[in-house]
Amino acid sequence: SKINIEEKDTWEDKTFITLDIDWADDDVLIDSIKLLEKTNIEATWFVTHYTPLLERIRSNEKFELGIHPNFNYLLESSAKPGDSCEQILDKILEVVPEAKSIRSHSMVQSTRLLELFNSKGLIYDCNHFIPVQSKIELKPWQLWNGLTRIPYFWEDDIACLYENKIKIEELLLKKGLRVFDFHPIHIFLNTENLKRYESTR
């Protein structure tokens, strides 16, 4: 939430760490929390569910909580009559009422959802993944409704899908906005390929 598109020094050539909790077991989640606490790194945690560990994250001034709602089942045959995007959003906002940022699970987004996010007081939309392989220099921008869009350029599970791996040193030299997206399960497993990850499920 420190990013201000009018003030380049708040984002240009800076690195931001985000984590999608993705229903991680507390033993897995605490591993990531301890790692970031030990290294004194600032991070935004996108929350999918309640866990007592949220209080530990909240108590660290270097951490911020956002929300990570799952709209996927509304697009599939598993939705129940009466289910809605607003209900899903309201439910996770009950867990994280202070949230100012959102990244939907699977980056589900639409014009209607962006309007809904804005109506709920969210300020930062982080649903735009532009991989580092695109060679596009990223920057935040403002949408028509006032939401600030924060694109990200690297995600751990997507990185596993690319044959040509990019070294972290190269990623940190990239110009523009640098937002990383990690998942506690992949940090815990030190996932090198998704086949091994799938075998642990």
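Residues are numbered from 1 along each chain as its sequence is written, and side-chain values use heavy atoms, with hydrogens and water left out. Because the model is predicted, local features need pLDDT of at least 70 and side-chain atom pairs count only at pLDDT 80 or more, while totals for chains, interfaces and linings use all residues.

The whole structure was searched for disulfides (pairs of cysteine sulfur atoms within 2.5 Å). The search finds 0. For cysteine 85, the closest cysteine sulfur is in cysteine 126, 18 Å away, which is too far for a bond. Cysteine 85 is partly exposed, at 27% relative accessibility. Cysteine 160 is buried, at 17%.

A pocket is an open set of points with protein on both sides within 12 Å along at least five of seven lines. A cavity is a set of points where a 1.4 Å probe fits but cannot get out. Lining residues have an atom within 4 Å of a point. Grid points are joined across faces, edges and corners, and a volume is the space filled by probe spheres set on the points.

The largest pocket holds about 550 Å³ of space. Its lining comprises 24 residues. Trp154, Asp156, Ile168, Phe182 and Asn190 lie nearest the centre. Two or more lining residues come from each of β1 (15–20), α1 (26–39), α6 (156–159), α7 (168–173) and α8 (184–189). Helices (H or I, at least four residues) and strands (E, at least two) are DSSP runs, numbered from the N terminus. Helix α1 gives the most to this lining, with 4 residues. By class, the pocket lining has 14 nonpolar, 7 polar and 3 charged residues. Here Ala, Val, Leu, Ile, Met, Phe, Trp, Tyr, Cys and Pro count as nonpolar, Asp, Glu, Lys and Arg as charged, and the others, Gly among them, as polar.

The structure holds 1 cavity of 30 Å³ or more. The volume of the largest cavity is about 50 Å³. Among the residues lining this cavity are Phe129, Pro131, Phe153, Trp154 and Tyr162. Strand β8 (154–155) and helix α6 each supply at least two lining residues. The cavity lining has 8 nonpolar, 1 polar and 1 charged residues.

Threonine 51 lies in the loop between β2 (43–47) and α2 (53–58). Threonine 51 is buried, with a relative accessible area of 2%. Contact means heavy atoms within 4.5 Å. Beyond its neighbours within four places in sequence, threonine 51 touches Asp26 and Leu29 in this sense. Its side chain also makes a polar contact with the side chain of aspartate 26, at 2.7 Å. A polar contact is a pair of N or O atoms within 3.5 Å; within protein, one must be able to donate a hydrogen and the other to accept it, and residues adjacent in sequence count only if both atoms are side-chain atoms.

Leucine 89 is found in helix α4 (residues 85–95). Leucine 89 is buried, at 0% relative accessibility. Leucine 89 and leucine 116 are 27 residues apart in sequence, and their C-alpha atoms are 8.7 Å apart.

Glutamate 61 sits in the loop between α2 and β3 (63–67). Glutamate 61 is exposed, with a relative accessible area of 79%.

How values were computed:
Buried means under 20% relative accessible area, exposed over 50%, partly exposed in between (1.4 Å probe, protein chains only).
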